[in-house]
Amino acid sequence: MNLEFKFEEMYKANYSKVKRLTMGYTNGDDALSDDLTQEVFIKVWENINTFRKQSSISTWIYRITVNTCLLSLRKKKKLKISGEIKNIYDESNMSVNESEKKLRQLYHCIDKLNKDNKSIILLELEGLPQKEIAQVLGITHEAVRVRVHRIKNKLTKCVKHDKF
């Protein structure tokens, strides 16, 4: 089996997971999410020979995704548009259906979390087992379990009370 064939299999098996995770980090911005997803798979291609098989390939790809998104967030903070302008733009887009509004509100609330909590909840929402989340982030399983509970409580309060 050649490397290109293995990469294609890996890409097909992980693309939708990576895309959903990048959507969470980009506050639902589809174009930016596409860019980050592409960047992740470029990094996977360039570094496939460094994969040490100490974890599953999907865990390794998640780690690359989280690192890529966090790096993007650091860069984005320097170029961030003011919150007032963003809110005016969002309110003027009245053609968005109700479920998309709720999803955007959830992304808005997730975006308020610190980077570690954002990583935890996005991986949790992706359906990654908490033990694997702990492995990806380099923390204990118990820490992940407790933080997931606290994060869910924060998000519930934010979604119910935050006027988006």
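Predicted model: local features only at pLDDT ≥ 70, side-chain atom pairs only at ≥ 80, totals over all residues.
User: Which residues does Tyr 25 contact, leaving aside its neighbours within four places in sequence?

Analyst: Tyr 25 is in contact with Val 66, Cys 69, Leu 70, Leu 73, Asp 111, Lys 115, Lys 118, Ser 119 and Leu 122, with neighbours within four places in sequence left aside. Contact here means heavy atoms within 4.5 Å.

User: Which elements make up the protein chain, and in what order?

Analyst: The protein chain has eight helices and zero strands. From the N terminus on, the order is α-α-α-α-α-α-α-α.

User: How much of the protein chain is buried?

Analyst: Of its 164 residues, 38% are buried. The accessible surface comes to about 10500 Å², and 54% of that belongs to carbon and sulfur atoms.

User: What share of contacts joins residues at least 24 apart in sequence?

Analyst: The share is 65%, counted among contacts between residues at least 6 apart in sequence.

User: Why is Lys 19 called buried?

Analyst: Its relative accessibility is 14%. Buried means under 20%. Lys 19 therefore counts as buried. It lies in helix 1. Not counting residues up to four places away in sequence, Lys 19 touches Asp 30, Ser 33, Asp 34 and Thr 37.

User: Why does Thr 22 count as buried?

Analyst: Thr 22 has 0% relative accessibility. The cut-off is under 20%, so Thr 22 is buried. Thr 22 is also in helix 1. It touches Ser 33, Leu 36, Thr 37, Thr 65 and Cys 69, not counting residues up to four places away in sequence.

User: Why is Arg 147 called partly exposed?

Analyst: The relative accessible area of Arg 147 is 24%. Buried needs under 20%, and exposed needs over 50%. The value falls in between, so Arg 147 is partly exposed. Its place is in helix 8.

User: Which residues does Arg 147 contact, leaving aside its neighbours within four places in sequence?

Analyst: With those neighbours left aside, Arg 147 is in contact with Asp 116, Asn 117, Ile 120 and Ile 139. Asp 116 is 31 residues away in sequence, and the two C-alpha atoms are 9.7 Å apart in space.

User: Why is Trp 60 buried?

Analyst: Trp 60 has a relative accessible area of 16%. That is under 20%, so Trp 60 is buried. It belongs to helix 3. Its contacts are Val 44, Asn 47, Ile 48, Thr 50, Phe 51 and Ser 55, leaving aside neighbours within four places in sequence. Trp 60 and Val 136 are 76 residues apart in sequence but 7.5 Å apart in space, C-alpha to C-alpha.

User: Which residues of helix 7 are buried?

Analyst: Helix 7 covers residues 130-137, and its buried residues are Gln 130, Glu 132, Ile 133, Ala 134 and Val 136. Just after helix 7, Gly 138 takes a positive phi of about 75°.

User: How do helix 6 and helix 7 pack?

Analyst: Helix 6 (residues 115-125) and helix 7 pack at an angle of about 140°, with axes 10 Å apart. Their crossing is right-handed. Ser 119, Ile 120, Leu 123 and Glu 124 in helix 6 meet Gln 130, Ile 133, Val 136 and Leu 137 in helix 7. By class, this contact has five nonpolar, two polar and one charged residues.

User: Where is Asn 27 found?

Analyst: Asn 27 is in the loop between helix 1 and helix 2 (30-47). Its phi is near 60°, a positive value in a residue other than glycine. Most residues other than glycine have a negative phi.

User: Why is Asn 27 called buried?

Analyst: Asn 27 has a relative accessible area of 13%. The limit is under 20%, so Asn 27 counts as buried.

How values were computed:
Residues numbered from 1 in each chain as written. Heavy atoms only, no water. Helix = DSSP H or I, 4+ residues; strand = E, 2+ residues; numbered from the N terminus. Buried < 20%, exposed > 50% of the residue type's maximum accessible area, 1.4 Å probe, protein only. Areas by Shrake-Rupley, 256 points an atom, 1.4 Å probe, with all protein chains shown as cover. Axes fitted to C-alpha atoms, helices over the stretch in contact; angles between N-to-C directions. Left-handed = near helix turned anticlockwise from the far one by under 90°. Nonpolar A, V, L, I, M, F, W, Y, C, P; charged D, E, K, R; others polar.
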